[in-house]
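Student: Can we go through the pocket and the cores in this one? I'd like to see how the labels follow from the definitions.

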Amino acid sequence: MFKNTKAFSGFSTNDIPAAKRFYADVLGLEVTEEHGMLTLHIAGDRPTLIYPKGEDHTPASFTILNFPVEDIRQAVAELTARGVRFERYPDAAEHTDEHGIFHGGGPLIAWFKDPAGNTLSVLQE
C-alpha cells in the first residue's frame, strides 16, 4: 500500500517565525511556508514538515535531524559564529571537547537545539 508513496517526516515547534528564521537564516536550508506550517527542503527530495503546537509543544526527546558533514570542526565553528550553542551532556562530558564535539565512540558528533528545544546534530561523515 505505501510502497510508492512519498513519505515524509515532521516535528513540532512552538514558534513558526522563529523556526523559519533558524532553519533558513542560521542553517541555510531552503524553507517554504504554507497553511501556517513550514517545509524544510533537504537534499534527497525528502521534505520535512514543521507544524505549530503552541503551548502544547514539548521538544522531542531524541535527535530529530542529523546533518552529515565532511569536516565537523569547520561546521561547528561556522554554526557557532552564527549563534548556535552546542550541547554538553553531563554523562558524556569526559568525551566532549571544548567545542561541543563528542569523541566517545562512533562518528564525531555535536548536538544543538532549535528555538523550540528540539535536538539536531552535525556528524562527521
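Tutor: Let's take the pocket, then the cores. This is a predicted model, where local features need pLDDT of at least 70 and side-chain atom pairs count only at pLDDT 80 or more, while totals for chains, interfaces and linings use all residues. Residues are numbered from 1 along each chain as its sequence is written, and side-chain values use heavy atoms, with hydrogens and water left out.

Student: What makes a set of grid points a pocket, not a cavity?

Tutor: On a 1 Å grid over the protein atoms alone, a cavity is where a 1.4 Å probe fits but cannot get out, whereas a pocket is an open set with protein on both sides within 12 Å along at least five of seven lines. The largest pocket here has a volume of about 280 Å³.

Student: Which residues lie nearest the centre of the largest pocket?

Tutor: Leu27, Phe67, Val69, Leu79 and Val122, out of 13 lining residues; lining means having an atom within 4 Å of a point. α2 gives the most to that lining, four residues.

Student: How do the lining residues divide into nonpolar, polar and charged?

Tutor: 10 are nonpolar, one is polar and two are charged. Asp, Glu, Lys and Arg count as charged.

Student: What makes something a nonpolar core?

Tutor: Buried Ala, Val, Leu, Ile, Met, Phe, Trp, Tyr and Cys residues (under 20% relative accessible area, 1.4 Å probe, protein chains only), joined through side-chain atoms within 4.5 Å. The largest such core has 28 residues, and Tyr23, Leu27, Phe112 and Val122 touch the most other members. α1 gives the most to this core, with five residues.

Conventions:
Grid points are joined across faces, edges and corners, and a volume is the space filled by probe spheres set on the points. Helices (H or I, at least four residues) and strands (E, at least two) are DSSP runs, numbered from the N terminus. Buried means under 20% relative accessible area, exposed over 50%, partly exposed in between (1.4 Å probe, protein chains only).
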